[in-house]
Amino acid sequence: MKRFENYTAMVTGGGRNIGEGISLAFANAGANVIVCDLDGNNAKATVEKIEAMGGQAMAAVFDVRDREAAFKAVADGIERFGKIDCLVNNAGGSAWLLRKLSDFVDADPDVLDFVLDINIKGTMNCTQAVLPSMIENKCGKIISMSSIAGIVGLPGRTDYSAAKAAIIGFTKALAMEVGQYNICVNCIAPGAIERDGNPFEHMTHLGENGHGGKPSDIADTVLFLAENNYITGENIVVDGGRTLGVSHR
Ligand SMILES: NC(=O)c1ccc[n+]([C@@H]2O[C@H](COP(=O)([O-])OP(=O)(O)OC[C@H]3O[C@@H](n4cnc5c(N)ncnc54)[C@H](O)[C@@H]3O)[C@@H](O)[C@H]2O)c1
């Protein structure tokens, strides 16, 4: 029996990098996966990889900022797989996606809306879509992607820092509301994780040549939380020690 048999995970931003890593890890452990992404080609590519492994997956192509689309994706997922056990709110990003990073004093209000919407509103939309069925089942896991930018400052990304800090607050308050239904709500704060196979060379406290993390480092943490029934309202930092403090050695 596999670790996540008879289990369905819904992963937003599941078509690339961290989200793809989470989707593949769930499938590898026996879960059905609803691979959600704005980019249909990426979502379908992840689904094809899962099917090639002998797993079960479906693509849900929608923008997490679109509340109605999030509800439809949840309904479609439940129709196909019967239930959703775990929602991973992974879709998100900074103004870098628009190549419009800037200091706050110069920030374009439309860019501020974009960053807040994809990260915190998208997380809220998908969570609200999936919660009624989890409450009915008296079982569920909500795991959202924060960032170390939500716990320490990141100049040029005030909007992203604010949105990722909001995910931590949202996680704690929601965990208190839905604990009575046996639903655990947690978030993860990654440090620098490689994207499109390009390793980051950021400072960590892992040896002289501190290295960045891989999507599998985050996927391992997601699967750990997906299996645990007693951790809730937590933010787990996965950053190789980067935010531990300043070293004077
Ligand atoms: N990579 C890092 O170093 C790092 C560090 C800390 C936090 N994070 C967070 O982890 C998550 C994943 O990061 P990544 O580096 O893999 O991102 P990425 O940009 O490589 O991939 C994100 C995926 O989400 C999809 N997506 C983007 N906006 C969407 C939307 N509005 N609706 C639906 N899908 C959407 C994209 O199409 C893409 O497939 C993000 O929330 C990011 O903020 C990443």
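A: Helices (H or I, at least four residues) and strands (E, at least two) are DSSP runs, numbered from the N terminus. The model is predicted, so local features need pLDDT of at least 70 and side-chain atom pairs pLDDT 80 or more, while totals for chains, interfaces and linings use all residues. Residues are numbered from 1 along each chain as its sequence is written, and side-chain values use heavy atoms, leaving out hydrogens and water.

Q: What span does H4 reach from its first C-alpha to its last?

A: The expected span is 1.5 Å times one less than the number of residues. H4 (residues 109-137) has 29 residues and reaches 41 Å, close to the 42 Å expected. Just after H4, Lys138 takes a positive phi of about 50 degrees.

Q: In which order do the strands of the sheet lie?

A: Strands of a sheet pair through backbone hydrogen bonds, either parallel or antiparallel. Here two strands pair if DSSP finds at least two bridges between them. Seven strands form an open sheet in the order S3-S2-S1-S4-S5-S6-S7, with parallel pairing. Its edge strands, S3 (57-61) and S7 (235-238), each pair on one side only.

Q: How many bridges join S4 and S5?

A: Strand S4 (residues 86-89) and strand S5 (residues 140-145) pair in the parallel sense over four bridges, and Leu87 stands opposite Ile142 in S5.
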